[in-house]
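Open the model in the viewer and colour it by secondary structure. The tour makes two stops.

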Amino acid sequence: MAQTWKKTALLVIDMQKDFVLPGAPMLVDGAAAIVPNVIKAVEVARERGMLVVWVVREHDALGRDVELFRRHLYSEKGGPTVKGQEGAELVEGLEIRKGDYKLVKTRMSAFFATHLHSFLLTSGIDSLVIVGIQTPNCIRQTVFDAVALDYPSVSVIVDATAAKTPEVHAANVFDMNNIGVATPTLKEWCKASV
């Protein structure tokens, strides 16, 4: 049992101030509500000896590494999730600890143009559990890429992920479930023995 958790990574996606806090420039309406569940998922993952991977966006102040459709949000004054700025920090209650891993991405999928796949393989990881925001974009893209890369076990904790509306969240969870992704609640996942 313990060996299985050692081969599982928890990916915590985009739980940054610019996506979560009221009035934030990239606010995801459902984000603040899931913060306690994300905190709990991280605690349980650490208790199980799982690798915790913090997947964050950190952009150039001028937005030169941002998707084309978002570049209008950046100027000489900066923009959302700029590296070194407060908005790029994790929300209160979440922190990177020794043994965790931080991965910076500049696109929706944590796998796109990053070294995540090779890092997970060399770390002996073959199973993924995903939490964070937001379901139709970064969660979904990461999950679909993980499935395409043949990870044998991919799970999304449904009440530790969120979208702008519950309907958008539910529709995307439905789609992920249809491609073999497990979608437990936090309570169900915490009770799981393997």
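What covers the buried residues of α6? The cover includes α5 (135-148) and β5 (153-162), where contact means heavy atoms within 4.5 Å. Helices (H or I, at least four residues) and strands (E, at least two) are DSSP runs, numbered from the N terminus.

This is a predicted model: local features need pLDDT of at least 70, side-chain atom pairs count only at pLDDT 80 or more, and totals for chains, interfaces and linings use all residues. Residues are numbered from 1 along each chain as its sequence is written, and side-chain values use heavy atoms, with hydrogens and water left out.

Select residues 166-177, which form helix α6. Its twelve residues reach 16 Å from first C-alpha to last, close to the 16 Å expected at 1.5 Å a residue, taken as 1.5 Å times one less than the number of residues. Show the side chains of His169, Asn172, Val173 and Met176, which are buried (under 20% relative accessible area; exposed is over 50%, partly exposed in between; 1.4 Å probe, protein chains only). Seen down the axis of α6, the buried residues fall within an arc of 105 degrees, so they line one face of the helix; the arc is that of the directions from the helix axis to the C-beta atoms. On the other side of α6, Glu167 and Phe174 are exposed.

Next select residues 8-13, strand β1. Six of its six residues are buried, so β1 is largely enclosed by the rest of the structure. Thr8, Leu10 and Val12 point one way, and Ala9, Leu11 and Ile13 the other.

Leucine 11 has isoleucine 130 of β4 as its bridge partner. In β2, leucine 51 stands opposite alanine 9.

Terms used:
Pairing = 2+ DSSP bridges.
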